[in-house]
Amino acid sequence: MSGFTIPAFLAVAGAGAALRWLAADRWPGGHRGTLLVNVLGAFLLGLLAGSDASAATLTVVGTGGLGALTTFSRLAQDAVDLAEPSDDTSPGMRSPGVPVLYLGTTLVLGLAAAWLGLEITA
Amino acid sequence: MRTGLLESPVLLVAGGGAVGAGLRWAVLGALPDGNLGGDATTATLASGGDGLPWGLPWPVVLVNLVGCALLGALLGRGVDSRVRLLVGAGFCGGLTTFSTFAVDAAGLMRDSRAEVAAAYLALSVVLGLGAFLAGRRLAGADR
């Protein structure tokens with residue numbers, strides 16, 4: 001690790017977190033945005049983990065950028081929000097299966113994406 | 001309307017996210033088999049788990065659990081929007097991770113350790129949701 005690693009880590013992690021927030025706040029928005037960054041981040045980390053990238057690259061891009069791009073806390077929040085229609089201002093119907101569907105979709109697509117990434121570079 | 005630097009949502013999230021991710025890096029590096037940048041040079045596990053109870057990557061479970069509990073507490077407490085951005089979307093989002101979790105689980109499945117992968121998935125989801133709900137309830141209990 002060089003002295004460059006820590007500032008690079010902080011900058012790349014900050015950018016990853018900002019991208020994740022934009023995906024949830026702007027486009028595609030809400031839990032769909034979180035699903036998108038989680039699956040995309042899982043795929044890219046799979047690619048990286050399967051490659052012969054240096055330890056510094058794994059730390060800065062993997063642990064920092066892709067770790068911050070993806071989130072588990074917002075996943076939990078979204079699942080709970082989807083289970084509580086009282087917080088919902090939209091007139092649509094909400095089934096109790098929605099949070100389960102959201103969690104299941106995230107887990108299945110995330111694992112498949114990580115697997116695919118590993119397959120490509122490993 | 002002109003807003004100051006500390007009002008910029010993107011910068012608040014980026015700053016909190018950098019600190020949260022830095023703490024995750026420190027925790028995963030300090031705990032056994034938790035460091036992605038360690039000797040995980042092959043297409044196996046991003047954060048190990050070998051030698052830990054049940055072969056699970058507990059350090060990742062730990063940071064995800066803590067981040068979920070803290071986010072729940074913030075939302076239960078009803079903090080203002082800047083704190084939500086800095087600490088909620090930023091710090092908690094940066095502290096927790098889905099990518100390492102997914103690559104670890106996929107690596108376990110590729111190693112034909114599907115039962116460990118399934119336990120890791122179930123444990124992470126149950127503990128994460130439970131921590132979020134517990135944090136929210138505890139923080140909101142005095143309102």
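Lys and Arg count as positive here and Asp and Glu as negative, with His and the chain ends not counted; each charge is placed at NZ of Lys, CZ of Arg, CG of Asp or CD of Glu. This is a predicted model, in which local features need pLDDT of at least 70, side-chain atom pairs count only at pLDDT 80 or more, and totals for chains, interfaces and linings use all residues. Residues are numbered from 1 along each chain as its sequence is written, chains are lettered from A and ligands numbered from 1 in the order in which they are written, and side-chain values use heavy atoms, with hydrogens and water left out.

**View 1. Chain A, charges and helices.** Chain A carries 5 positive and 8 negative side chains, and the centres of the two sets sit 7 Å apart. Its elements are five helices and zero strands (DSSP runs numbered from the N terminus: H or I of at least four residues for helices, E of at least two for strands). Of its 122 residues, 49% are buried (under 20% relative accessible area, with exposed over 50% and partly exposed in between, using a 1.4 Å probe and protein chains only).

**View 2. Helix 1 of chain B and its cover.** This helix takes in residues 9-30 and reaches 31 Å from first C-alpha to last, close to the 32 Å expected (1.5 Å times one less than the number of residues). Its buried residues include B:Gly16, B:Gly17, B:Gly20, B:Gly22 and B:Trp25. Helix 1 (5-25) and helix 3 (55-69) of chain A are part of what covers them, and so are helix 2 (58-77) and helix 3 (81-95) of chain B. B:Leu11 belongs to this helix too, but counts as partly exposed because its relative accessibility is 44%.

**View 3. The largest nonpolar core.** A nonpolar core is a set of buried Ala, Val, Leu, Ile, Met, Phe, Trp, Tyr and Cys residues joined through side-chain atoms within 4.5 Å. The largest one has 49 residues, and A:Phe72, B:Phe98, B:Phe101 and B:Tyr120 touch the most other members. A second, separate core of 11 residues has B:Trp25 and A:Ala68 among its members. Leaving aside neighbours within four places in sequence, B:Phe98 has contacts that include A:Asn38, A:Phe72, A:Leu75 and A:Gly110 (contact means heavy atoms within 4.5 Å).

**View 4. B:Ser124 in helix 5 of chain B.** This serine is found in helix 5 and counts as buried because its relative accessibility is 6%. Apart from neighbours within four places in sequence, B:Ser124 is in contact with A:Phe72, B:Val61 and B:Phe101.

**View 5. Helix 4 of chain A.** Eight of its 11 residues are buried, so the helix is largely enclosed by the rest of the structure. Among the buried ones are A:Gln77 and A:Asp78. The buried residues pack against helix 2 and helix 5 of chain A, plus helix 2, helix 3 and helix 5 of chain B.

View 6. A cis peptide bond joins A:Trp27 and A:Pro28, with omega about -5 degrees; A:Pro28 lies in the loop between helix 1 and helix 2 of chain A. B:Trp54, not a glycine, has a positive phi of about 60 degrees and sits in the loop between helix 1 and helix 2 of chain B. At 67% relative accessibility, B:Trp54 counts as exposed. B:Ser112 also has a positive phi, near 60 degrees, and is placed in the loop between helix 4 and helix 5 of chain B.
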